[in-house]
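Please read them with the chains in view.

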Amino acid sequence: MKDTLTVGAPVIEAKGLNLTFQTGDGPVHALKDVNLTVNRGDFVSFIGPSGCGKTTFLRCVAALEHPTGGSLTVNGVSPDEARRKRAYGYVFQAAGLYPWRTIAGNIALPLEIMGFSKAEQAERIERVLDLVELKGFGKKFPWQLSGGMQQRASIARALAFDADILLMDEPFGALDEIVRDRLNEEVLKLWATTGKTIGFVTHSIPEAVYLSTKIVVMSPRPGRITDVIDSPLPKERPLDIRDSREFIEIAHRVREGLRAGHGDEV
Amino acid sequence: MREKALPVLAVLGIIVVIWYAAAVWMNSTWVYDQAERAGTTVSFAEMVPQTMAQDRPLLPPPHQVAAELWKGIAGQAVTSKRSLVYHGFVTFRGTMMGFALGIVFGVAMAVSIVRFRVMEMSVMPWAIISQTIPIVALAPMILTVANQMGIDSREVPKAIISAYLSFFPVLVSMVKGLRSPDAMQLDLLKTYNASESETFWKLRLPASMPYFFASLKVAVAAALIGTIVGELPTGAIEGLGARMLIGSQFGEPLIMWAALFAAAILAGMLILVVGVVEQMARRRMGVPA
């Protein structure tokens, strides 16, 4: 599949996407008229205050939620179909490693379910541990690792079965800033070496600007897109790019977008 | 170790002191009655020693119980009908059968309750009601029914009574344990397109293990109580329960108390073994020691 689809071809396409949750207090409009195209190889960040639907959109792509209106395709097929074809790996807010499995055992979990042979499992575990710089930690249990290392292991778990798309829902939200910086650098490196399409939910402006080729600014009630920014930053991004004028300008535009979305409330 | 033992020993010491005081107080009635019948009087200092070595004391003092217990355990061949080891083994065998039956039944019910909503609504209330019926009332009925069905051995009804008590803690804990995985962990498996059975074997079951082992300690004690109650109704001649009943019916408090303590020792050993098994399982599942 990787060979047939070229870089730049649309991977995620949402047209007039709507999602309304029926709750006890009446309907909640989680997503309203969301139009978005994510191309192959993009690093897309979704940023906005809580309740803006950024996580909900990601969950729709993963077929964990089902839109109530509009159309959404992943790799040209429905999200459910795409999931069956193992189109994506999902990284949650918490690492969510099974405490009774070693790190290697945790990475083996999706591989077991997807029916990889034992030998192939071992080979893949080694490869992804190397990719997230956890070589030699396979035999450790999760409690023996720091929070940042646990989240790295959970990224390795999502990478193990070679999905083209990596969906990350505030993966570093619970980590301190120093660890977060380091992991941001690593994610960029990972993205450069694997060429995956990445969807990344965050509520940190610097994180979004630093990582993304495309920043989707969202606002709440109803959850909608207020701005889509194509980042002019180069693919190669050292950490100190965050002091450059371009970076600050993009961050400013994101902040403006967030403020505009909040205008009627603040 | 010493810090742990000290509070336990302190409490034990207090119990022994209270026990001796109670024994003097309760057994003194008999001493005074004897003296009155003989037309003599006894002083307090004369009375106390006489409360310590009666044949049929109302409340045997600790050393008498200990002596009887020792006689029952080490004083005869283990195959003798008077050996507490023999009776203890009979009770142990019954307990293990009831315990195993209770685990199988409890886990099976928990699995079906977690899997099928209709089971939760139909079965769970009955499981709770079942535990409100006094087992002493139910035990003779189970024995009679088993007899009617042509089961001569007492082992089967005993195991059923024992399982009747021990399945419940396992059931309640396992329902809780199987439901312990949170939404995120379930979503994760959904993203792998995992089937219902894979979710069960790879997530729900391992996640329920801490709950399972916690329930085993309660369940093994309940199984022992069930077995002893199953040994009480008339006709039983073997087991610690039967031994207690014999002691009570023939006015031999020492036999009763020795059997009682044998049962307590058995319970302690069972809980200890379950604890060791739990430790082993925890270590295998990567829990820090």
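1. In this predicted model, A:Ile178 and A:Thr193 are exposed on one side of helix H6 of chain A. The buried residues of H6(A) are A:Arg180, A:Leu183, A:Asn184, A:Val187, A:Leu188, A:Leu190 and A:Trp191.

2. What covers the buried residues of H6(A)? The cover includes strand S3 (43-47) and strand S7 (197-202) of chain A. Helix H4 (118-131), helix H5 (147-159) and helix H7 (205-211) of chain A are also among the covering elements.

3. The length of H6(A) can be checked against its residue count. H6(A) runs over residues 177-194, and its 18 residues should span 26 Å at 1.5 Å a residue. The C-alpha atoms at its ends are 25 Å apart, which agrees. Just after this helix, A:Gly195 has a positive phi of about 65 degrees.

4. Chain A has an open sheet of 6 strands, in the order S5-S6-S7-S3-S8-S9, with mixed pairing. S5 and strand S9 (224-230) of chain A are its edge strands, and each pairs on one side only. On average, neighbouring strands in this sheet are turned by 15 degrees against each other, direction ignored.

5. Within this sheet, strand S6 (residues 165-169) of chain A is mostly covered, with 5 of its 5 residues buried. Which way do the residues of S6(A) point? A:Ile165, A:Leu167 and A:Asp169 point one way, while A:Leu166 and A:Met168 point the other way. In a regular strand, side chains alternate between the two faces of the sheet. Both groups in S6(A) are buried.

6. S6(A) has parallel pairings with two strands. With strand S5 (residues 88-91) of chain A the pairing is parallel over 4 bridges, and A:Tyr88 stands opposite A:Ile165 in S6(A). With S7(A) the pairing is again parallel, over 5 bridges, and A:Leu167 stands opposite A:Gly199 in S7(A).

7. Elsewhere in the 6-stranded sheet, strand S8 (residues 214-219) of chain A runs antiparallel to S9(A), and 6 bridges join them. One of the paired positions is A:Val216, whose bridge partner in S9(A) is A:Val228.

8. Chain A also has an open sheet of 3 strands, in the order S2-S1-S4, with antiparallel pairing. Strand S2 (26-39) and strand S4 (69-74) of chain A stand at the edges with a single partner strand each, so one side of each has no neighbour in the sheet. Neighbouring strands here are turned by 25 degrees against each other on average, direction ignored. Strand S1 (residues 10-23) of chain A is joined to S2(A) by 10 bridges, and the two run antiparallel. A:Pro10 has A:Asn39 as its bridge partner in S2(A).

9. Helix H1 (residues 54-61) of chain A lies across strands of both sheets. In the 3-stranded sheet, H1(A) lies across S1, S2 and S4 of chain A, at about 65 degrees to S2(A). In the 6-stranded sheet, H1(A) lies across S3, S6, S7 and S8 of chain A, at about 150 degrees to S7(A).

10. How many residues does each chain bring to the contact between chains A and B? Chain A gives 18 residues and chain B gives 15 residues. On the side of chain A that touches chain B, helix H2 (79-84) and helix H3 (103-113) of chain A each supply at least two residues. H3(A) gives the largest share of that side, 3 residues. By class, the side of chain A that touches chain B has 14 nonpolar, 2 polar and 2 charged residues.

11. In chain B, B:Asn27 is part of helix H1 (residues 2-38). Is B:Asn27 buried or exposed? B:Asn27 has 22 other C-beta atoms within 10 Å, and 20 or more count as buried, so B:Asn27 is buried. Apart from neighbours within four places in sequence, B:Asn27 is in contact with B:Thr51, B:Gln54, B:Pro57, B:Leu58 and B:Leu59. B:Pro181 is 154 residues from B:Asn27 in sequence and 58 Å from B:Asn27 in space, C-alpha to C-alpha.

Key. Residues numbered from 1 in each chain as written. Chains lettered and ligands numbered in written order. Predicted model: local features only at pLDDT ≥ 70, side-chain atom pairs only at ≥ 80, totals over all residues. Contact = placed C-beta atoms within 7 Å. Nonpolar A, V, L, I, M, F, W, Y, C, P; charged D, E, K, R; others polar. Pairing = 2+ DSSP bridges. Axes fitted to C-alpha atoms, helices over the stretch in contact; angles between N-to-C directions. Expected span 1.5 Å × (residues − 1). Buried ≥ 20, exposed ≤ 12 C-beta atoms within 10 Å, placed from the backbone.
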